[in-house]
Each structure stands twice: as C-alpha cells, then as structure tokens.
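These are my notebook entries from one sitting with a structure file. I wrote down what I looked up, in the order I looked.

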Amino acid sequence: METQPPSSFRLSLKVKSAGCFNLSTGQTDALPSVIAAWMQKSMNEDTALYPPVDPIAAGLKAKCPRCGQGKLFDGFLKPARHCSSCGLDYSFIDTGEGPAVLVMLLIGFIVVGLALWMEVNLDPPLWVHFILWIPLALVLCLSTLRWMKGVLIALQYKHKAAEGQLDRPAHHE
Ligand SMILES: [Zn+2]
C-alpha cells in the first residue's frame with residue numbers, strides 16, 4: 001500500500017521547495033523570476049505623490065504648483081529659486097510674455113469699455129477720464145499680472161509645457 005503524506009504536508013513542502021522570501025534581507029533569488037521582479041519593483045519604486053493641487057487656486061495665491069504650500073515669488077513678480085516647502089526647482093518656469101499679453105488684452109478691454117461707456121453716456125470733462133482710468137488701469141494691471149503669472153506657471157507645471165525639442169539622438173553636446 002502506497003503511503004501518501006497528508007495534503008497540508010505536501011503543500012508546505014512545495015512552498016519550501018519554491019524558495020523562501022527572506023523578509024529581513026529582501027532576498028528573492030529562489031522565487032520564480034516574475035514574482036521576484038514584481039517584488040523588487042514594488043519595494044524599490046518611489047511612489048511618493050503629492051496630493052493634486054488646483055493650478056488656478058495655487059496660482060492666484062502665488063503658491064508652489066506641486067505642493068501648494070511654498071512661496072512662488074521672491075518679491076512681486078520674480079520667481080523664487082525653489083519651493084521653500086517641497087524643494088521643487090523653479091528653473092522650469094518660462095511664462096515669457098504670456099501673463100503681460102493676457103493682462104493687457106483683458107484689462108484694456110475692461111478699462112477702454114468703461115471709458116467709452118462713460119464718454120457716451122455722461123460726457124464728462126477730459127480730466128475726469130485721466131484721474132479715473134489711468135490709476136484704475138495701473139492698479140488692475142499690477143494686481144492681475146501677479147495672479148496671471150502664478151496661474152500660468154501652475155498650468156505650465158501641470159501640463160509639463162516646455163520649449164519644443166527635436167526627438168532625435170544628439171551627437172554633439
Ligand atoms: Zn512646493
């Protein structure tokens with residue numbers, strides 16, 4: 001009569017012969033290669049993620065586009081070197097003339113529209129236009145410029161926008 005060991009005993013033998021994962025050293029040599037590769041990957045992969053930051057809110061508050069905490073500007077409009085909170089390097093920032101053009105179009109439209117409306121409807125003397133619209137345009141442009149620049153930087157970070165580059169191996173660099 002053939003003697004078979006109990007099934008639980010056989011199972012444990014099988015697991016043992018497949019190799020054993022050493023928790024303290026992370027050795028996976030004896031495991032099947034697919035599982036070993038997966039374990040190595042999941043152990044070594046850095047999956048630290050920042051919670052999503054709303055680019056509009058972060059931009060309007062002039063905060064870092066990655067963590068939403070650190071200051072974005074060093075002064076009024078000059079971007080800082082890096083985020084004081086998460087250390088994000090701000091050298092990617094390249095908004096160019098974008099904020100200024102958008103602000104000019106937007107505020108110009110509003111202020112010129114208001115001035116035209118007042119001229120047509122109230123017909124005030126010329127000096128009223130000067131003391132109303134020049135300071136208003138200045139204040140609106142300067143405040144909006146900072147918001148606009150912050151929002152554009154945050155959007156640039158979110159969408160990884162950068163200068164175009166040719167997709168071919170570089171031979172000289
Ligand atoms: Zn940050």
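**Entry 1: the end of H4**

I began just after H4, where Asp123 takes a positive phi of about 50°. I took helices (H or I, at least four residues) and strands (E, at least two) as DSSP runs, numbered from the N terminus. I noted that residues are numbered from 1 along each chain as its sequence is written. I also noted that this is a predicted model, in which local features need pLDDT of at least 70, side-chain atom pairs count only at pLDDT 80 or more, and totals for chains, interfaces and linings use all residues.

**Entry 2: the whole chain**

I looked up the secondary structure and found five helices and zero strands. Along the sequence I read the pattern α-α-α-α-α. Next I looked up burial: a residue is buried if 20 or more other C-beta atoms lie within 10 Å of its own, exposed if 12 or fewer, and partly exposed in between, with C-beta atoms placed from the backbone. Buried residues make up 13% of the 173 residues in the chain. For contacts I used C-beta atoms, placed from the backbone, that lie within 7 Å of each other. Of the contacts with a separation of 6 or more, 47% are between residues 24 or more positions apart.

**Entry 3: H4 by itself**

I checked the length of H4, residues 98-122. The expected span of a helix is 1.5 Å times one less than its number of residues. The 25 residues of H4 should therefore span 36 Å, and the end C-alpha atoms are 35 Å apart, which agrees. Which residues of H4 are buried? I found Pro99, Val103 and Ile107. These buried residues pack against helix H5 (126-158).

**Entry 4: H4 against H5**

I looked up the geometry of the pair. Axes are lines fitted to C-alpha atoms, for helices over the stretch in contact, and angles run from 0 to 180 degrees between N-to-C directions. H4 and H5 pack at an angle of about 150°, with their axes 9 Å apart. Angles under 35 degrees count as roughly parallel, over 145 as roughly antiparallel, 65 to 115 as roughly perpendicular and the rest as oblique. H4 and H5 are therefore roughly antiparallel to each other. I then listed the contact: residues of H4 including Leu102, Leu106 and Val111 meet residues of H5 including Trp133, Leu140 and Met148. The contact residues divide into 16 nonpolar, three polar and one charged; Ala, Val, Leu, Ile, Met, Phe, Trp, Tyr, Cys and Pro count as nonpolar, Asp, Glu, Lys and Arg as charged, and the others, Gly among them, as polar.

**Entry 5: two residues of H5**

Leu152 lies in helix H5. Leu152 counts as buried because it has 20 C-beta neighbours inside 10 Å. Leaving aside neighbours within four places in sequence, I found Leu152 in contact with Thr95, Gly98 and Pro99.

Is His129 buried or partly exposed? His129 has 13 C-beta neighbours inside 10 Å, so I put it down as partly exposed. Leaving aside neighbours within four places, His129 is in contact with Ala115 and Pro124.

**Entry 6: Cys67**

I found Cys67 in the loop between helix H3 (55-60) and H4. Cys67 counts as partly exposed, because 17 C-beta neighbours lie inside 10 Å. Not counting residues up to four places away in sequence, Cys67 touches Tyr50, Val53, Cys83, Ser85 and Cys86.

Methods:
Two residues are in contact if their C-beta atoms, placed from the backbone, lie within 7 Å.
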